[in-house]
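Colleague: I am new to reading protein models. Could you show me how to look at a helix and a loop?

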Amino acid sequence: MNLDKIVCSCLGVTAGAIKDAVESGAHTLEEVQEATGAGTVCGACLEDVRHLVDEFVAESAN
């Protein structure tokens with residue numbers, strides 16, 4: 001996965017920033033939104049953000 005890929009175009013949030021937020025303790029979509037702002041402007045990326053949060057939370061559980 002390319003962690004430099006921009007997931008949220010409105011705020012320029014990358015997949016890596018979402019991963020960092022999860023590794024710092026944000027384990028829900030809402031917590032990641034609070035930490036990064038991803039998905040809080042137009043909402044077009046919400047499904048992508050949700051998918052990445054779920055993926056990174058699952059990885060951190062292993």
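This is a predicted model: local features need pLDDT of at least 70, side-chain atom pairs count only at pLDDT 80 or more; totals for chains, interfaces and linings use all residues.

Colleague: Let us start with helix H1. Which of its residues are buried?

Modeller: Helix H1 covers residues 15-23, and its buried residues are Ala15, Gly16, Ile18, Ala21 and Val22. Just past the end of H1, Gly25 has a positive phi of about 115°.

Colleague: How do I describe two helices that pack together?

Modeller: In general, packed helices are described by the angle between their axes and the distance between the axes. Here, the axes of H1 and H2 come within 10 Å and cross at roughly 115°. H1 is therefore roughly perpendicular to H2. The crossing of H1 past H2 is right-handed.

Colleague: Which residues in H1 and H2 meet?

Modeller: From H1 come Ala17, Ile18, Ala21 and Val22, and they meet Val32, Ala35 and Thr36 of H2. Sorted by class, this contact has six nonpolar residues, one polar residue and no charged ones.

Colleague: Now the loop. Is Val41 buried or exposed?

Modeller: Val41 sits in the loop between H2 and H3. A residue counts as exposed when its relative accessible area is over 50%; Val41 has 54%, so Val41 is exposed.

Colleague: What does Val41 touch, beyond its neighbours within four places in sequence?

Modeller: Setting those neighbours aside, Val41 is in contact with Cys10 and Leu11. Leu11 and Val41 are 30 residues apart in sequence, and their C-alpha atoms are 8.0 Å apart in space.

Key. Residues are numbered from 1 along each chain as its sequence is written. Side-chain values use heavy atoms; hydrogens and water are left out. Buried means under 20% relative accessible area, exposed over 50%, partly exposed in between (1.4 Å probe, protein chains only). Helices (H or I, at least four residues) and strands (E, at least two) are DSSP runs, numbered from the N terminus. Axes are lines fitted to C-alpha atoms, for helices over the stretch in contact, and angles run from 0 to 180 degrees between N-to-C directions. Angles under 35 degrees count as roughly parallel, over 145 as roughly antiparallel, 65 to 115 as roughly perpendicular and the rest as oblique. A crossing is left-handed if the near helix is turned anticlockwise from the far one by less than a right angle, and right-handed if clockwise. Contact means heavy atoms within 4.5 Å. Ala, Val, Leu, Ile, Met, Phe, Trp, Tyr, Cys and Pro count as nonpolar, Asp, Glu, Lys and Arg as charged, and the others, Gly among them, as polar.
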